[in-house]
Amino acid sequence: MASGEIAVLFVCLGNICRSPTAHGVFEKRVAELGLEQQIRIDSAGTGDWHLGKQPDPRTILAAQRGGYDLRHLRARQVTALDFDLFDYILAMDGKNLANLRAMQPRHFDGTLGLFLPFGQGSLDEVPDPYAGGEEGFQQVLEMVERATDGLLTHLRAELLNAAGAS
Ligand code: 4NP
């Protein structure tokens, strides 16, 4: 953690559906809590098909219905440098997590894991909605909202511990 700041990277495959949803939901909650100076957020994909693109229109629409604006986000691919820049690298599913583990440098001492378990529901993975119908995008949003609250509780405790220790 760089001097009282925690950096969080959400990762999916294309960086146009699941991870931008997590990015936008988390960004809004962090702003509501006034934690923008303490928590830095980004998202990326393990794949490179959609570099520079806005989130999928179905992702933008589902998020908009929930009160989140994702239109400023642009897709990018994860790089090895991300392991130096982020404390938490959170994957949307096990396949992306496996790809990230294969890239992980030895010196990385942050947290690399799945995002959804922070929501403490019964599922571990956010399903890929890309090839399915609109309801899948709504489902992604709801799963992400639940996990965001859990992750924020976890990170706020970490920030308090770090402040107490310094
Ligand atoms: P995401 O969804 O990983 O949640 O952004 C996908 C987007 C695009 C593709 C696959 C999944 N694709 O194959 O292009």
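View 1. A backbone N or O atom of Leu13 lies 2.8 Å from a ligand oxygen atom. For Ile16, a polar backbone atom is 3.0 Å from an oxygen atom of the ligand. For Cys17, the distance from a polar backbone atom to a ligand oxygen atom is 2.9 Å. On its own the ligand has 360 Å² of accessible area, and the protein covers 89% of it. Accessible areas come from the Shrake-Rupley method with a 1.4 Å probe; for residues, only the protein chains shown count as cover.

*Notes on numbering and confidence.* Residues are numbered from 1 along each chain as its sequence is written, and side-chain values use heavy atoms, with hydrogens and water left out. Because the model is predicted, local features need pLDDT of at least 70 and side-chain atom pairs count only at pLDDT 80 or more, while totals for chains, interfaces and linings use all residues.

**View 2. Asn15 in its loop.** Asn15 lies in the loop between β1 and α1. Helices (H or I, at least four residues) and strands (E, at least two) are DSSP runs, numbered from the N terminus. Asn15 is not a glycine, yet its phi is positive, about 60°. Its relative accessibility is 3%, so Asn15 counts as buried. Buried means under 20% relative accessible area, exposed over 50%, and partly exposed in between (1.4 Å probe, protein chains only).

**View 3. Ser43 and its polar partners.** Ser43 sits in strand β2 (residues 39–45). Ser43 counts as buried because its relative accessibility is 4%. The Ser43 side chain makes a polar contact of 3.1 Å with the side chain of Asn15. Another polar contact, of 2.9 Å, joins the side chains of Ser43 and His23. A polar contact is a pair of N or O atoms within 3.5 Å; within protein, one must be able to donate a hydrogen and the other to accept it, and residues adjacent in sequence count only if both atoms are side-chain atoms. Leaving out residues up to four places away in sequence, Ser43 touches Leu9, Phe10, Asn15, Ser19, Pro20, His23 and Arg76. Contact means heavy atoms within 4.5 Å.

View 4. Thr59, Ile60, Ala62 and Ala63 are buried in helix α2 (residues 57–65). They cover an arc of only 170° around the axis, which puts them on the same side of α2. The arc is that of the directions from the helix axis to the C-beta atoms. The buried residues of α2 pack against α1 (18–32) and α5 (134–165). Exposed Pro57 and Arg65 are carried on the face turned away from the buried side of α2. At the start of α2, a side-chain oxygen of Asp56 comes to within 2.8 Å of the backbone nitrogen of Arg58. Gly67 follows α2 and has a positive phi, near 95°.

**View 5. Helix α4 and its cover.** Asn96, Leu97 and Leu100 are buried in helix α4 (residues 94–103). Seen down the axis of α4, its buried residues fall within an arc of 100°, so they line one face of the helix. An α-helix has 3.6 residues a turn, so residues three or four places apart point the same way. The cover over the buried residues of α4 includes β1, α1, α3 (82–85), β3 and β4. Lys95 and Ala102 are exposed, on the face turned away from the buried side of α4. At the start of α4, a side-chain oxygen of Asp93 reaches to within 3.2 Å of the backbone nitrogen of Lys95.

**View 6. The nonpolar cores.** The largest nonpolar core has 31 residues. Val8, Phe10, Phe26, Ile39, Phe115 and Leu151 have the most contacts inside this core. β1 (6–12), α1, β2, β3 (88–91) and α5 each supply at least two of its residues. α5 gives the most, with 9 residues. A second, separate core of 13 residues includes Leu9, Phe83, Ile89 and Ala91. A nonpolar core is a set of buried Ala, Val, Leu, Ile, Met, Phe, Trp, Tyr and Cys residues joined through side-chain atoms within 4.5 Å.

**View 7. Gln120 in an exposed position.** Gln120 is found in the loop between β4 (111–114) and α5. Gln120 is not a glycine, but its phi is positive, about 55°. With a relative accessible area of 74%, Gln120 is exposed.
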